[in-house]
Amino acid sequence: MAYLLGNPNCMESLRKDITDLQGAIIDVFSRAGAVHYPSWKFPNKVSCDLDVVALLEHYDYVENDPEFTQHSHVVLLELVIDRLLLLLQSFTGYMENLISKQAVPPSQAVGPCMSIGLAVRKYWNSTLKLGALHQQLVTEKKSNRRDSSALKSTLQNVKAENEHLKSCSHVISESGASLASAQSAISCLPQTIHGPDCDFSDISQPRSAYDVTKNVCSVHSQTIESSLVPCDACASGQASLREVGKAIMSICHSQNIPSSLGKFQEMVEETLGNKPLTAMDMSFWASEQSKDLSRINKHLGVLMQLINPLKAELEESEKQKDELRKQVEDFDKLLQKENETQERQRKEAEQYLEEKIKENLQITAKLEKDKEALRTGAVMLEERISTLKEELLSQQATIQELELTKNTLLEEMRTKMDHKSQMTKLEDQVQLLTSQLENTSHVLSGATTQLDKEKAKVESMRRHEESLQAKQRALLQQLDCLDQECEGLRASLGEAEDDKAKLEHQLEETQAEKQHIQGQLEAQQCSN
């Protein structure tokens, strides 16, 4: 790929990519606000404040300058990376604004210098948080739909019951009107029936059909078979009275209320069939119907007494539901904040521990290198000391030999004093040997001083090795302290997880209480 470096087509493609990326960045900034981070290419400048147009004009293809063209190609590649990193940071800021429910972020200072890996990790963490928040909102929406459907069904049941009660009251009003028309029809009939044993002038007293039949049979008066044909008004009044009676009996049957009119109607049908009622039967019909109407009114009062507290309880349960929803939202926010702080503390602790471990490893490696160097220096010094000792021994042996030679020469000189020439030779030899002896003594003294210096060096190196060992022990102690701190941080992380479990348990209890309240409401609605 090196042959493509400085290719004008590649550089033009990179320029178009940078222009497109800058347009996308401007679009994101217009929606989510600008993010302030140091530039990846120019760390001393803010990334959003770079003049991309000026940079593109400066770093362009130059035909007669291949070196600058290649440099411009590399700069354009780095600008692509810089714009991609800024775009990724903008995405991260926009998702954090969505999570924190802010339309536009507040003005912020320039953030820390961020590597590409860290920016990608932050973007992925924000994506995971946004996904979790979306899932939570979907579940809440589903639960709200279920609650609203349950409330709608409850309200529909209550409305149906109210409509039923209204229809009952309407039927009751119609029955009252029918009773009034029936009473007017009754007034059209003869008001008194006299007989030797009984007086039927008061028709307001209710009597059974059996008693009426008995009295009719025992009184020497006009019977039902020989009575006059009723008028049309009486027939229509009795028909409407029967219709009202059927409505009242159906209401009593639907509400499980005992009906006196139903029993009386069965007795009338057994005795009279479809024949018109007598005035006595109509008065008794009206009295039984009024009893049923009073029972219906009492039942309506009881139902209203039950419905009104249920409405109040429903409103109270709605308020409690809103409060519980707010508490759940507050618990979720607190739990999210706690998780974020714990995650941040955990990351900081892990980063600090990794840095310390790297530093300790570097120091340990350096100490090992120093120790190895000291070992090699000590071996070399021992070898040199051994060679110097051998030289010293050889020089001492030569000194002894020279002394022996000197003694022999002195003896020979004493014995050969007669020969002056020999004596002068011997003197010359003695002087030569003396000079050699002095030279040897000087060499010996130099070797001795050199040996002393080497011994001092060995001693200093030994002390340096001891100090390095002491430093190593101190570093090991510091490493143990860091391990203890790490254990403490892990313990605090465990406690934080326990707190999180407690909060989740409280949330479950709150949801259980909410379900219990909904169950009570459903049980009350079922009982109604």
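E338 lies in helix α8, where helices are DSSP runs of H or I of at least four residues, numbered from the N terminus. This is a predicted model, in which local features need pLDDT of at least 70, side-chain atom pairs count only at pLDDT 80 or more, and totals for chains, interfaces and linings use all residues. Residues are numbered from 1 along each chain as its sequence is written, and side-chain values use heavy atoms, with hydrogens and water left out.

**Charged surface patches**
- E338, E495, E497, D498 and D499 form a negative surface patch (residues with over 30% relative accessible area and no salt bridge, like charges joined within 9 Å; areas by Shrake-Rupley with a 1.4 Å probe).
- Helix α9 supplies the largest share of the negative patch, four residues.
- A positive surface patch consists of K141, K142, R145 and R146.
- K141 is placed in helix α4, residues 116-188.

**Salt bridges**
- There are 14 salt bridges, each a side-chain nitrogen of Lys or Arg within 4 Å of a carboxyl oxygen of Asp or Glu.
- In one of them R295 pairs with D292, with the closest N and O atoms 2.9 Å apart.
- Both R295 and D292 belong to helix α8 and are three residues apart, about one turn of the helix.

**Cavities**
- Three cavities of 30 Å³ or more are present (sets of points on a 1 Å grid where a 1.4 Å probe fits but cannot get out).
- The largest cavity has a volume of about 60 Å³.
- Its lining (residues with an atom within 4 Å of a point) is made of L367, E368, K371, L374, E465, L468, Q469 and Q472.
- The elements giving two or more residues to this lining are α8 (279-415) and α9 (420-527).

Key: Patches are made of residues with over 30% relative accessible area and no salt bridge: like charges are joined within 9 Å, nonpolar side chains (Val, Leu, Ile, Met, Phe, Trp, Tyr) within 5 Å. Lys and Arg count as positive and Asp and Glu as negative; His and the chain ends are not counted. The place of a charge is taken as NZ of Lys, CZ of Arg, CG of Asp or CD of Glu. On a 1 Å grid over the protein atoms alone, a cavity is a set of points where a 1.4 Å probe fits but cannot get out, and a pocket is an open set with protein on both sides within 12 Å along at least five of seven lines; lining residues have an atom within 4 Å of a point. Grid points are joined across faces, edges and corners, and a volume is the space filled by probe spheres set on the points.
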